[in-house]
Amino acid sequence: MGNSLAAQDGLSFRFRATIIEWRGPAPFFFAPLPQADAARVRAVAKRVSYGWGVIPVQVTIGEVTFTTSLFPRDDTYLLPLKDKVRRPLAITAGDEIDVQMTVGAAKAP
């Protein structure tokens, strides 16, 4: 089960984040990880990354569970929130959300 090492090691945690928006060619919304949690992710990054420092995760926000990848940025990681996740939960920039995350979760089939 390739990327399940972190889950076996118990790297599952909760955090609270304020949603940020990056306005590139298209708007993107992210939940930045708190510094302490980013440090925990960095500790297992080499074991779970599939390249370029990208870290697979399984995430639950409210009643929505999904798989995605964290991106390293400015000494932390950014959790991207696609429209199909944000819209049902009415999440936008500036909102504070609670996140349950398991690092190294296998990609959904």
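## Starting at Asp-83

Select Asp-83 to begin: its relative accessible area is 34%, so this residue counts as partly exposed. Keep in mind as you click around that you're looking at a predicted model.

Arg-86 and Asp-83 make a salt bridge, with their closest N and O atoms 2.9 Å apart. Both sit in helix H3 (residues 83-89), three residues apart, which is about one turn of the helix.

Next stop: Arg-73 and Asp-74. Their side chains meet in another salt bridge, 3.5 Å from N to O. Asp-74 is exposed, because its relative accessibility is 63%, while Arg-73, at 49%, counts as partly exposed.

Jump over to Arg-16 and Asp-98. Here the closest N and O atoms of the salt bridge are 2.8 Å apart. Arg-16 is in strand E1 (residues 12-18) and Asp-98 is in strand E7 (residues 96-103), so this pair ties together parts 82 residues apart in sequence. How many salt bridges turn up in a search of the whole structure? Six.

Last, select helix H2, residues 35-48. Its 14 residues should span 20 Å at 1.5 Å a residue, and the end C-alpha atoms are 19 Å apart, which agrees. Look along H2 for a kink of about 35°, centred on Arg-42. To see which residues of H2 are buried, highlight Asp-37, Ala-38, Val-41, Val-44, Ala-45 and Val-48.

Note on methods
Residues are numbered from 1 along each chain as its sequence is written. This is a predicted model: local features need pLDDT of at least 70, side-chain atom pairs count only at pLDDT 80 or more; totals for chains, interfaces and linings use all residues. Side-chain values use heavy atoms; hydrogens and water are left out. Helices (H or I, at least four residues) and strands (E, at least two) are DSSP runs, numbered from the N terminus. The expected span of a helix is 1.5 Å times one less than its number of residues. The bend at a residue is the angle between axes fitted to the seven residues ending there and the seven starting there. Buried means under 20% relative accessible area, exposed over 50%, partly exposed in between (1.4 Å probe, protein chains only). A salt bridge is a side-chain nitrogen of Lys or Arg within 4 Å of a carboxyl oxygen of Asp or Glu.
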